[in-house]
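Take a look at the model below. The report that follows walks through it part by part.

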Amino acid sequence: MRKLTYAAALNEALKQEMRRDPAIYVAGEDVAKYGGIFGVTAGLLEEFGEKRVKDTPITESAIIGSAVGAAATGLRPVVELMFIDFIGVALDQLFNQAAKMKYMFGGKAKLPIVVRTTCGAGMGAAAQHSQSLEAWFMHIPGLKVVMPSTPYDAKGLLVTAIREDNPVFFIENKMLYGLEGGVPEEPYTIPFGQADVKREGSDVTIVATAAMVHKALAAAAELAKEGISAEVLDPRTLTPLDEESIINSVKKTHRLVIVQEAVKRAGAGAEIAAVVAERALEQLDAPIARVAAPFTPVPFSPALEKAFIPTEERIIAAVKEVVG
Amino acid sequence: MAVEKEKLIEMYTKMLTIRRFEQRVAEHFAAGKIPGFVHLYIGEEAVAVGTCANLRPDDYITSTHRGHGHLIAKGGDLKRMMAELFGKRTGYCKGKGGSMHIADVELGILGANGIVGGGPPIAAGAALSAQYRGTDQVVACFFGDGAANQGTFHEGLNMASIWKLPVIFVCENNHYGISLSQLKHMNVADIADRAKAYDIPGVAVDGNDVIAVYEAAHEAVRRARAGEGSSLIECKTYRHRGHFEGDPQVYRPPEEAEAWLKKDPLPRFEAKLMEMGVLTGEKAKQIEQGIVAKIDEAVRFAEESPFPAPEELGDDVYTA
């Protein structure tokens with residue numbers, strides 16, 4: 001299969017969908033002439049013009065709020081929130097307006113909005129440009145929350161997101177943009193709520209998201225050398241969450257380690273652990289382990305940032321603990 | 001500006017409908033039949049009616065927590081509105097929204113809004129959509145003096161101005177952000193002056209004079225339809241009731257309220273129409289009877305309608 005980077009896969013999804021449907025437009029800070037701060041929207045302006053590819057002011061409330069008004073009146077906005085950390089100045093338009101409008105109106109609104117954003121530490125961007133806040137959005141009925149880990153998933157999930165008639169919060173991990181992987185040239189969709197087994201195994205289930213999927217895979221490869229067979233499962237979408245696949249994997253392995261880059265407290269991993277505790281506690285041969293960031297803001301210095309982000313070594317240690 | 005006789009009567013009828021609807025809502029709220037919070041529009045009728053009289057059915061509005069007047073002015077159905085206020089399944093939102101979230105997307109009503117300042121970015125987006133689709137639809141964005149201090153006011157007006165979006169920003173300055181007087185919540189007397197910051201026209205009008213509002217909105221709508229961009233209209237008005245029903249209103253000097261009651265937009269318009277020979281006492285009585293009958297019917301419909309079933313709680317969160 002042809003190889004593309006994660007960023008190029010997203011770019012291809014945008015271009016192909018925009019060619020298919022003239023109601024789709026892209027707007028955000030530096031998305032047009034600059035091509036997006038991480039290059040994901042490169043070339044869109046040249047192909048689709050200023051009407052469909054709009055540079056906005058630095059105005060996050062209006063970026064998301066205008067998407068709400070446009071979507072409610074027939075367009076399909078794909079807007080970019082440059083960093084997930086910036087949602088603080090725009091949150092009302094996402095969680096009180098976009099997410100609730102359909103429900104508040106008794107079902108009589110359709111809001112096909114994609115908010116693309118970036119998360120993740122690893123480039124020294126410090127406390128306000130590096131967070132993993134996915135759990136915030138899982139807590140809001142009306143939103144769908146997507147977190148792809150590979151170029152293949154990135155393209156397929158973005159195509160699905162754009163074709164969705166609900167607001168989708170699409171979280172791209174900035175450390176994955178340069179990651180290469182096989183991506184079909186033709187457009188394809190990946191259904192939401194369908195986890196993907198990234199590696200099969202029988203001794204322990206590792207549920208991991210975004211960049212942590214790759215650390216979990218590296219850990220699993222190391223563990224295999226020691227005779228421990230780890231299954232790595234990526235939920236890919238957090239809302240909806242594919243509970244069945246997680247439960248089925250736990251039924252097979254009887255052990256669960258959850259890995260997230262976000263701080264541990266009240267994170268996506270806490271929800272996943274609760275689901276397994278509620279539905280399959282008797283299947284567990286060991287307590288559930290979570291590998292996550294400490295309860296601190298994301299630090300700046302590379303020395304501290306390295307200590308913040310969960311490592312392959314910590315995943316291996318957690319697996320050994322539960323495998324006993 | 002000469003306004004057609006039929007239009008004047010229509011505006012009068014709408015204003016009186018809003019007044020009587022709201023009075024009935026107050027009664028049923030006091031009687032415990034309407035749950036939650038209600039923010040009544042009594043005293044501000046000229047703003048919604050003077051603005052919406054310039055709109056077409058396919059134009060859009062964004063509304064506020066004090067939204068009943070906007071909805072009626074844009075053509076909202078009284079029965080479905082009242083049923084929604086009562087929390088009934090036959091209401092506009094199947095009982096899921098209530099007073100602060102009534103919407104009728106087909107009538108271009110993009111919703112009341114429980115968040116002060118929630119509307120301007122949404123209005124900019126609806127206007128962007130009209131521009132994008134190449135229609136000449138316009139958007140009237142209603143908000144209060146309190147919302148004019150929110151960041152979303154700035155973001156919405158800035159976006160609308162740079163992209164020449166067809167929005168009529170209508171500030172209903174009732175001089176209070178909940179309990180805080182405009183004198184204490186902003187340093188300017190005329191919110192319309194803020195238009196200068198966006199290089200768009202800004203005009204302050206007597207918001208209790210429906211013709212003054214109509215004329216200002218007429219020019220702003222013309223401009224928006226012609227692709228010349230947005231405008232800000234500040235309508236100076238006063239709410240006769242508290243911020244919400246049950247508000248003890250300790251913050252308003254009685255003499256201030258009395259002075260404003262003398263400027264009540266309804267008797268003023270009625271007297272003017274009579275003076276113009278457009279309205280007679282007999283005609284006014286007929287209109288009143290017609291309105292009361294419709295509101296009686298709306299209340300009956302609301303009272304007789306079923307509540308939603310508990311199983312409906314989970315419907316409409318997502319589009320399938």
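## Before we start

Two strands count as paired if DSSP finds at least two bridges between them. With that in hand, take one pair: S6(B) and S7(B) are joined by 5 bridges and pair in the parallel sense. Keep in mind that this is a predicted model.

Strand S7 of chain B covers residues 231-236. How many of its residues are buried? The count is 6 of 6, so a residue here has 20 or more other C-beta atoms within 10 Å of its own. Side chains in a regular strand alternate between the two faces of the sheet. In S7(B), both faces are covered. B:Ser231, B:Ile233 and B:Cys235 are buried on one side. B:Leu232, B:Glu234 and B:Lys236 are buried on the other.

S7(B) also pairs with strand S3 (residues 167-173) of chain B, in the parallel sense and over 6 bridges. From S6(B), the chain passes through helix H8 (residues 210-225) of chain B to reach S7(B). This β-α-β crossover is right-handed.

## The sheet in chain A

Now turn to chain A. Here 7 strands form an open sheet, in the order S3-S2-S4-S5-S7-S6-S12. The pairing is mixed. Strand S3 (53-55) and strand S12 (237-239) of chain A are the edge strands, and each pairs on one side only. On average, neighbouring strands of this sheet are turned by 20 degrees against each other, direction ignored.

One pair shows the detail. Strand S6 (residues 144-146) and strand S7 (residues 168-173) of chain A run parallel and are joined by 3 bridges. A:Val146 stands opposite A:Phe170 in S7(A).

## Helices on the sheet

Helix H2 (residues 44-52) of chain A lies across strand S2 (24-28) and S3 of chain A. Its direction is at about 70 degrees to S3(A). Helix H3 (residues 60-72) of chain A packs on the sheet as well. H3(A) touches S2, strand S4 (76-81) and strand S5 (114-119) of chain A. The direction of H3(A) makes about 170 degrees with that of S4(A).

## Where the chains meet

How many residues of chain A are in contact with chain B? There are 34, and they meet 35 residues of chain B. H3 and helix H4 (91-104) of chain A are the elements that give two or more residues to this side of chain A. H3(A) gives the most, with 9 residues. By type, this side of chain A divides into 14 nonpolar, 14 polar and 6 charged residues.

## Backbone and surface details

A cis peptide bond joins A:Thr239 and A:Pro240, with omega at about -5 degrees. A:Pro240 sits in the loop between S12 and helix H8 (243-253) of chain A.

Chain B has positive phi values in residues that are not glycine. B:Ile178 has a phi of about 55 degrees, and phi of B:Asp199 is near 55 degrees. B:Ile178 is in the loop between strand S4 (176-177) and strand S5 (180-181) of chain B. B:Asp199 is in the loop between helix H7 (182-185) and strand S6 (202-206) of chain B.

Is B:Asp199 buried or exposed? B:Asp199 counts as exposed because it has 10 C-beta neighbours inside 10 Å. B:Ile178 has 14 other C-beta atoms within 10 Å, so it is partly exposed.

Key. Residues numbered from 1 in each chain as written. Chains lettered and ligands numbered in written order. Predicted model: local features only at pLDDT ≥ 70, side-chain atom pairs only at ≥ 80, totals over all residues. Helix = DSSP H or I, 4+ residues; strand = E, 2+ residues; numbered from the N terminus. Axes fitted to C-alpha atoms, helices over the stretch in contact; angles between N-to-C directions. Contact = placed C-beta atoms within 7 Å. Nonpolar A, V, L, I, M, F, W, Y, C, P; charged D, E, K, R; others polar. Buried ≥ 20, exposed ≤ 12 C-beta atoms within 10 Å, placed from the backbone. Right-handed = clockwise from strand over helix to strand, strands pointing away.
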